[in-house]
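I opened my notebook to look up a few things in this structure. Here is what I went through, entry by entry.

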Amino acid sequence: MRVLGIETSCDDTGVAVYDTERGLLAHRLYSQVALHLDYGGVVPELASRDHIRKLLPLVRAVLTEAGLPGDELDGIAYTAGPGLAGALLVGAAVGQSLATAWNIPAVGVHHMEGHLLSPMLEPDPPAFPFTALLVSGGHTLLANIEGIGRYTLLGESVDDAVGEAFDKVAKLLGLGYPGGPAIEQAALKGVHGRFHFPRPMTDRPGLDFSFSGLKTAVVVALKERALNSQTVADVALAFEEAAVETLAIKCQRALDATQHERLVVAGGVSANKKLRTRLAHLADREKIKVYFPRPEFATDNGAMIAYVGSLRLQAGQREAAAFGARPRWRIEELPAV
Ligand code: KG4
Ligand code: ZN
C-alpha cells in the first residue's frame, strides 16, 4: 500500500509517500520559521495561508521524486489534530480533495501518534510493548504503549510542555524562535555551575511534569543581570541540563513502574543531543534499549503521518469526506487496531 502523508498542524508543511513494502519513497518539508521569526512565535493565520501556498507544490514534488502519479496511490493520510485549527483544515481540505479526485480512501491521523511511531521508520524499530516519552512544543507525556492505539497515559505536564519551556526561555534570552535548537546551540559555550535551576516535581512521587516554574526560575536568575553572551550561554546550559535531567528522572521512574525493556523518545525535543546522550546512559545502566527517530523526523514531518496513515488504512479505518479539525484531541481516545 502506498500512502501520501500530509502534515500541516503547526508551522511545518510536510509531505511524504510511504510504501508498506518498500518503506519511505520520498519526503519533503517546508519550514515556516523565517515567516514567523519577527513575531517570536507562530502566528496561526500566517501559518494557514502559507500551508495553502506550499502544500500542493510539495505534493507534486514528492510524487515526482517517488516516480508515482497520484492515481497510483492507495490512500491519503493527513494530520487531523491536535494543532492549530486553520492550519489543520488546510491539510484536511487538500487531503480529502485529492482522495476524492483520485478515488482513494483518506484517513485523519493524530499528530502525537505520528511522533510516537516515528522511530518505526528507522532500520531497527522497537517492538511492543514499550514506554514512551513524547516531548514536543505542545505535549510532554509518558505512556505505556501496548500496540497501535493501545496507549495508557502514565503522566503529563500539568502546565507548559517542555518544548514550550525551551521556546519561552529562548525568548527571555533573546535567542529567537524555535527555542530548542537555539538553546542547544547557545549552551555549547556555557560554563557549568554558574547557574542551577530546579528539577520540577522530582522531589515527590508521580510521573507528571511541570515546566512553568523552571521558566520562572530563569526569569528570577536574569533579574538585574546584564544579558551578555556568556550569561546567555550559561543560563541556556543550566536550563537545558535541568530540563534533560527532569525528563530522565521521570523516564527512569516510568520504566521502574512498567518494567519495560524498551523506551521510545519522540517529538521535537527528542532532537536534543544532551537528552539523547542522557537517556542512552540510562538505557546502558538499566540494560534496556532506547529508540529515537532520526533527528530530521523528531520535529514535525510528513513521513510519520504517511506511516501511521498506512497502518490505519490497512486496518480499514477511513475519515469521511465531511471533515472537521480537532485542535484538542486526547491520544487515549484513539481506537485500537
Ligand atoms: O514536535 P515539534 O516539531 O512540534 C510540535 O508538535 O510541537 O516540536 C517542536 C518543539 C519546539 O518547542 C522546539 O523548540 C523543540 O520542539 N525542539 C527542541 C529541539 N528541536 C526542537 N528542543 C530542544 N532541543 C532541540 N534540539
Ligand atoms: Zn509535532
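My entries below cover the ground rules, the domains, the zinc site, salt bridges and some backbone details.

**Ground rules.** I am working with a predicted model, in which local features need pLDDT of at least 70, side-chain atom pairs count only at pLDDT 80 or more, and totals for chains, interfaces and linings use all residues. Residues are numbered from 1 along each chain as its sequence is written, chains are lettered from A and ligands numbered from 1 in the order in which they are written, and side-chain values use heavy atoms, with hydrogens and water left out.

**Domains.** I looked up the division first, and found domain 1 (2-116 + 297-333) and domain 2 (128-292); these bounds come from an automatic or database domain assignment. I noted 27 Å between the C-alpha centres of domain 1 and domain 2.

**The interface.** On the domain 1 side, Met112, Leu116 and Ala298 supply 36% of the area buried against domain 2, more than any other three residues.

I found one salt bridge between domain 1 and domain 2, taking a salt bridge as a side-chain nitrogen of Lys or Arg within 4 Å of a carboxyl oxygen of Asp or Glu. The side chains of Arg330 and Glu156 also went into my notes as a salt bridge, at 3.4 Å from N to O. Helices (H or I, at least four residues) and strands (E, at least two) are DSSP runs, numbered from the N terminus.

**Zinc.** Which residues coordinate the zinc ion (ligand 2)? I listed His111 (NE2), His115 (NE2) and Asp300 (OD), at 2.0 Å. Donors are N, O and S atoms within 2.8 Å of the metal (3.2 Å for Na, K and Ca), and water is not among the atoms, so sites may look incomplete. Along the chain the donors follow the spacing H-x3-H-x184-D. His115 in helix H4 and Asp300 in the loop between strand E10 (289-291) and H10 are 185 residues apart, a pair that links distant parts of the chain.

**Salt bridges overall.** My count comes to 18 salt bridges. One that I looked up is Arg28 with Glu65, at 3.1 Å from N to O. Arg28 lies in strand E3 (residues 23-31) and Glu65 in helix H2 (residues 44-66), so this pair ties together parts that are 37 residues apart in sequence.

**Backbone details.** The peptide bond from Gly81 to Pro82 is cis, with omega near -15 degrees, and Pro82 sits in the loop between strand E4 (75-81) and helix H3 (85-102). The bond from Tyr177 to Pro178 is cis too, with omega near -5 degrees; I placed Pro178 in the loop between helix H5 (162-172) and helix H6 (179-187).

How values were computed: Buried area is the accessible area (1.4 Å probe) that two parts lose on being put together, summed over both.
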